[in-house]
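Please open the structure in your viewer, keep the sequence panel beside it, and follow the stops below in order.

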Amino acid sequence: MDFDGDSDDAHSVVSLPPESVSGSLASSMSSYERDPDVRSASPISVISMSSSMRAAIYREEYGRNLNNYSDVYRLPADDEEIERLGKQDDLLTDIMGGKFVPPMAAVMADDVAGETKACLDLGCGSGSWIMEVARQFPNCNAVAVDLIPMQSPTMPQNLRSEIDDINLGLEHFYGDFNVVHARLISSGIKDYHLLIDQISRVLRPGGLIDVSEFDFHMYDKHHRRIESSSIKQFNEPWWSQWITYLRSTIRNIGGDTDAATNLHEWIANNPRFEDVVYREFFIPAVPPPRDEHKPNERLRQFEEKMKEDVVGFLGATRPLLLGSGFQEEMINRLETNCLQELEERKIPQFTRLQCVYARRKAR
């Protein structure tokens, strides 16, 4: 699949880790203060909720329902967003070449006498990934953790949903899982470096960590970073400007926008991990102009799905910007310009997905 006209591949993969952003690594390994009132008292699987449960879990801001437990993760948690995340998961599966990284089958194989394999999905979103785990490995225990319960009527029997804030720590999971997966959760994580260390303790010997994050920057067709670094600016490229506002807002409320660029370093330098593999994918948020002389139906379908996701993402992040002090008139103008830019396709812009998987050392 040709995204930028210069390659026949569906994605761009490099074998070397990225340069780290400026700033030192977090040095404190202490856990956060935890409030037991916002943690699941016991494992739960929720298929339907009463009105009182829904009122406790959700709050409304600017026409969208957000989770009621975390002031750091402030993207919607409503049906519209869950549907978007499910479609996004399908997109990423195509881009990354499969639902699971290569070591997954071996790690989750039911081949150890007396051991039930277990998989943990942190910030499960729509639940698409973890439900597929539960189906493909029916003898395993699968656990989905998020700020809202999963609402799937087809949840496999070996999967449970837990309401929890990952920022409160993972000590209660130490030594319990063969696989820990996390994808696109950094905007709601206070200290991703600490999270990586805690995941290393959650994993059993030989276990697998699989994490993926966007880096909250946009890139041109040559995969060079577009530098629109000031929230005082209001100029094109508009999609890059939107991401600049979003990056600033997430940082101000305590989320981590630099985690993606540090993932490889944090995992490679953790003494509990080995066999570290880094991959990156440049994905067209605003695709290059169409080449009418080289019709490609597969590419056209991909771009339509990507466009739907980008438009949905604009809607999902709008309440976050409005709730952070940006004027509604300005956000309306910016959103209109972003949509026009997406239609015209004059300024291609790519987002960068950085992925790392590794094994927990056997000893």
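**Stop 1: paired strands**

Begin by selecting strand E5, residues 159-163, which is mostly covered, with 4 of its 5 residues buried; buried here means under 20% relative accessible area, exposed means over 50%, and partly exposed lies in between, with a 1.4 Å probe and protein chains only. Helices (H or I, at least four residues) and strands (E, at least two) are DSSP runs, numbered from the N terminus. The model is a predicted one, in which local features need pLDDT of at least 70 and side-chain atom pairs count only at pLDDT 80 or more, while totals for chains, interfaces and linings use all residues. Residues are numbered from 1 along each chain as its sequence is written, and side-chain values use heavy atoms, with hydrogens and water left out.

Then move to strands E1 (residues 58-61) and E2 (residues 64-67), which pair in the antiparallel sense over 4 bridges. Here Tyr58 stands opposite Asn67 in E2, and in the hairpin, which has 2 residues between the strands, Tyr62 takes a positive phi near 50°.

**Stop 2: helix H8**

Select residues 297-322, helix H8, whose 26 residues reach 38 Å from the first C-alpha to the last, close to the 38 Å expected at 1.5 Å a residue; the expected span is 1.5 Å times one less than the number of residues. Where does a kink lie in H8? A kink of about 25° lies at Ala316, shortly before the proline Pro319, the bend at a residue being the angle between axes fitted to the seven residues ending there and the seven starting there. At the start of H8, show the side chain of Asn296, one of whose oxygens reaches to within 3.2 Å of the backbone nitrogen of Arg298.

**Stop 3: loop and helix H6**

Next, show the loop between strand E7 (203-219) and H6, where Pro237 has its place. A cis peptide bond joins Glu236 and Pro237, with omega about 0°. His223 is also in the loop between E7 and H6; although His223 is not a glycine, its phi is positive, about 65°, and the residue is partly exposed, with a relative accessible area of 23%.

Continue into helix H6, residues 238-252, whose 15 residues reach 21 Å from the first C-alpha to the last, close to the 21 Å expected at 1.5 Å a residue. Of the 15 residues of H6, 13 are buried, so the helix is largely enclosed by the rest of the structure. H6 is followed by Gly254, whose phi is positive, near 105°.

**Stop 4: aromatic rings**

Now display the aromatic side chains, among which a search of the whole structure finds 8 aromatic pairs. Rings of Phe, Tyr and Trp (its six-membered ring) pair if their centres lie within 6.5 Å, and planes under 30 degrees apart count as stacked, over 60 as edge-to-face and the rest as tilted. The rings of Phe173 and Phe177 have centres 5.3 Å apart and planes at 85°, so this pair is edge-to-face; both Phe173 and Phe177 are buried. For Phe234 and Trp238, the centres are 5.1 Å apart and the planes at 55°, so that pair is tilted. Phe234 is partly exposed, at 23% relative accessible area, whereas Trp238, at 16%, counts as buried. Ring pairs also link Phe100, Trp129 and Phe137 into a cluster.

**Stop 5: cysteines**

Select the cysteines and ask how many disulfides a search of the whole structure finds. The search finds 0 disulfides, a disulfide being a pair of cysteine sulfur atoms within 2.5 Å. The sulfur of Cys119 is 6.6 Å from the closest cysteine sulfur, in Cys140, which is too far for a bond. Cys119 counts as buried at 0% relative accessibility, and Cys140 is buried with a relative accessible area of 3%.

**Stop 6: strand E8**

Finish at strand E8, residues 273-286, in which Glu280 lies. Glu280 is buried, with a relative accessible area of 6%, and its side chain makes a polar contact of 2.8 Å with the side chain of Tyr278. Another polar contact, of 2.9 Å, joins the side chains of Glu280 and Arg352. A polar contact is a pair of N or O atoms within 3.5 Å; within protein, one must be able to donate a hydrogen and the other to accept it, and residues adjacent in sequence count only if both atoms are side-chain atoms. Asp275 is also found in strand E8, where its phi is near 55°, a positive value in a residue other than glycine, and Asp275 is exposed, with a relative accessible area of 53%.

Methods
Two strands pair if DSSP finds at least two bridges between them.
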